[in-house]
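Please look over the sequence and the structure below before going on to the text.

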There are 2 protein chains.
Amino acid sequence: MNASLLPYLTQARAPLVREVGVINEFGEQDTVSIPAERALTLYVDRRELVTLMTLGAMPELLVLGYLRNQRLVRSVTDIESVTVDWEVHAAALKTRSGIEDREARTAQRVVTTGCGQGSVFGGLMDELDAIRLPDQASLTQGQLYGLLNAIRLQETTYKSAGSVHGCALFRGEEMLMFVEDVGRHNAIDTIAGWMWLQGPEVQDGGDKVFYTTGRLTSEMVMKSAQMGIPIVVSRSGITQMGHELAQRLDLCTVGRATNKRFLCYSAPQRLVLQPELAGPRLRA
Amino acid sequence: MNASLLPYLTQARAPLVREVGVINEFGEQDTVSIPAERALTLYVDRRELVTLMTLGAMPELLVLGYLRNQRLVRSVTDIESVTVDWEVHAAALKTRSGIEDREARTAQRVVTTGCGQGSVFGGLMDELDAIRLPDQASLTQGQLYGLLNAIRLQETTYKSAGSVHGCALFRGEEMLMFVEDVGRHNAIDTIAGWMWLQGPEVQDGGDKVFYTTGRLTSEMVMKSAQMGIPIVVSRSGITQMGHELAQRLDLCTVGRATNKRFLCYSAPQRLVLQPELAGPRLRA
């Protein structure tokens, strides 16, 4: 990709945690850290599109990924700039030549999400059958354990303040990108935005693994598939529609993944089992 | 309320869990329960409004509460019927005399949520300053422990299948209503729908406590306040905007609440401390 065609991005930063006073069960005053949560209203070519509630770690990438995953812009090179200003809680995105069919594509409210009421602009389900994940993509149990260990070692807002979801992009056990947000959809969108800016070998999801602390709901599985990522790992479980979509897409879902434990829910042929690495069997 | 004016509701039911095959870290096949997740497209007076992804435990109440919390209908008696048919994944809601200003009120997309990308139709923030929670509403530490114990004893889809959020409405330590959903916003909306159908002493949130397994994000705090409920308890933590809103509303938020432990983040005067009930101090 010609770097001169990549969008100009601000690097707006804001504190990710705040100290607040609390009273505990012993009646004592204490202070704890809580994660930031701020509104970011997205204007596309000066017209308001949506307001996202976000931790605010990487707002420019969130905005890029949101437009990508909503399929409102075809290529990142169609975007001229993303300007985030936390003073006014606004992100201004400028396209090079407008959004085709904007009215039609933002009118159909709301095929939705695992949080129950997320919003995805219409037509995504229609695209599902066009998705083909590479047959040969796989992950070994040893790589899975390496991935989980990298997550465990990551410095996080979660560790200091809780109440955020983490997402990461891996190639095998190599962590390429990690982000947290108060919304798990925001976290995955931020990764999608980051991937969009990279060269083709990172943009291609085929040899990647997506990790999320959140549940594997229909929308999480769908977004992974849209990004071309054939393997998704979660600390949490899976819902029925997430499971059905993953089976239909031949997308490997691994849940309840912590330490040496996991459950593979779909496309187990993508997971190269090495049970000898699982260690001694512990009683629950 | 004249019972003859209450809406007619179907009682559509569908399985809440499903057994699926998994492979574990020892390479063994097993089966586990996972929660259902199904699309429910809501048609209001024959026009499509929104698609919710839901567990499907109480879809008619979810639809009622959704319309209530979105402020699209003023009174439950304005609704003639809610007909849910899982065969076609549709809920048909019929009003008695239409939705005033429907276009304007559903056009402003999306002041949003703790999942990051939920949708709340415009104008809710404007209503905040009109909300007055009763000054004298309070909860004792003993009642809080009774409430947490009732939650612990509740039979749940969470216990059997994980990956769902639970919500409950309490009066003191008396549980009035409990519901689970894949989306925590759906769960709170379902409770709002249930309250709407009850007599005035239940409809009035002033002496109620709201419990959620989910985080206390801005939207959760806002919805509680809209329902007139001055005290919210969560197993999880709080976000900055949830905290700011709670302080502004003088709404008591209690988080990290399990067993005897908790943190009170806001309006501590509503929590009557009884530290002698906290038991021996354990080191973390």
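A residue is called buried when its relative accessible area is under 20%, exposed when that value is over 50%, and partly exposed in between, using a 1.4 Å probe and protein chains only. The model is predicted, so local features need pLDDT of at least 70 and side-chain atom pairs count only at pLDDT 80 or more, whereas totals for chains, interfaces and linings use all residues. Residues are numbered from 1 along each chain as its sequence is written, chains are lettered from A and ligands numbered from 1 in the order in which they are written, and side-chain values use heavy atoms, with hydrogens and water left out.

**The two copies**

In general, two copies of a chain are related by a rotation about an axis and a shift along it.

Where the chains meet, 78 residues of chain B are in contact with 78 residues of chain A, and contact means heavy atoms within 4.5 Å. Of the interface residues of chain B, 100% are also interface residues in chain A, so the copies meet through the same surface. The area buried between chain B and chain A is about 6,000 Å², with carbon and sulfur atoms giving 52% of it; buried area is the accessible area (1.4 Å probe) that two parts lose on being put together, summed over both.

Four salt bridges are found across the interface of chain B and chain A, a salt bridge being a side-chain nitrogen of Lys or Arg within 4 Å of a carboxyl oxygen of Asp or Glu. The side chains of Glu244(A) and Arg18(B) meet in a salt bridge, with 2.6 Å from N to O. By class, the side of chain B that touches chain A has 34 nonpolar, 28 polar and 16 charged residues. In this scheme Ala, Val, Leu, Ile, Met, Phe, Trp, Tyr, Cys and Pro count as nonpolar, Asp, Glu, Lys and Arg as charged, and the others, Gly among them, as polar.

**Two covered helices**

Helices (H or I, at least four residues) and strands (E, at least two) are DSSP runs, numbered from the N terminus. In helix H1 of chain A (residues 59–69), eleven of the eleven residues are buried, including Pro59(A), Tyr66(A) and Arg68(A). Just after H1(A), Arg71(A) takes a positive phi of about 60°.

Helix H8 of chain A (residues 218–226) has nine of its nine residues buried, so it is largely enclosed by the rest of the structure. Among these buried residues are Glu219(A), Lys223(A) and Gln226(A). H8(A) is followed by Gly228(A), which has a positive phi near 75°.

**Arginines and their surroundings**

| Residue | Relative accessible area | Class |
|---|---|---|
| Arg96(A) | 37% | partly exposed |
| Arg184(A) | 4% | buried |
| Arg256(A) | 33% | partly exposed |
| Arg270(B) | 1% | buried |

Arg96(A) is found in the loop between strand S7 (90–95) and helix H2 (102–107) of chain A. Not counting residues up to four places away in sequence, Arg96(A) touches several residues, including Ser4(A), Leu5(A) and Asp78(A). A polar atom of the side chain of Arg96(A) lies 3.0 Å from the backbone oxygen of Leu5(A). For such polar contacts, a pair of N or O atoms must be within 3.5 Å; within protein, one must be able to donate a hydrogen and the other to accept it, and residues adjacent in sequence count only if both atoms are side-chain atoms.

Arg270(B) sits in the loop between strand S14 (261–266) and strand S15 (271–272) of chain B, and its side chain reaches the backbone oxygen of Ala137(B) at 3.1 Å. Ala267(B) is also placed in the loop between S14 and S15 of chain B; Ala267(B) is buried, with a relative accessible area of 9%.

Arg184(A) lies in helix H6 (residues 184–197) of chain A. Although Arg184(A) and His165(A) are 19 residues apart in sequence, their C-alpha atoms are 5.4 Å apart in space.

Most residues other than glycine have a negative phi. Arg256(A), found in strand S13 (residues 252–258) of chain A, has a positive phi near 55°, and Ala267(B) has a positive phi near 45°.
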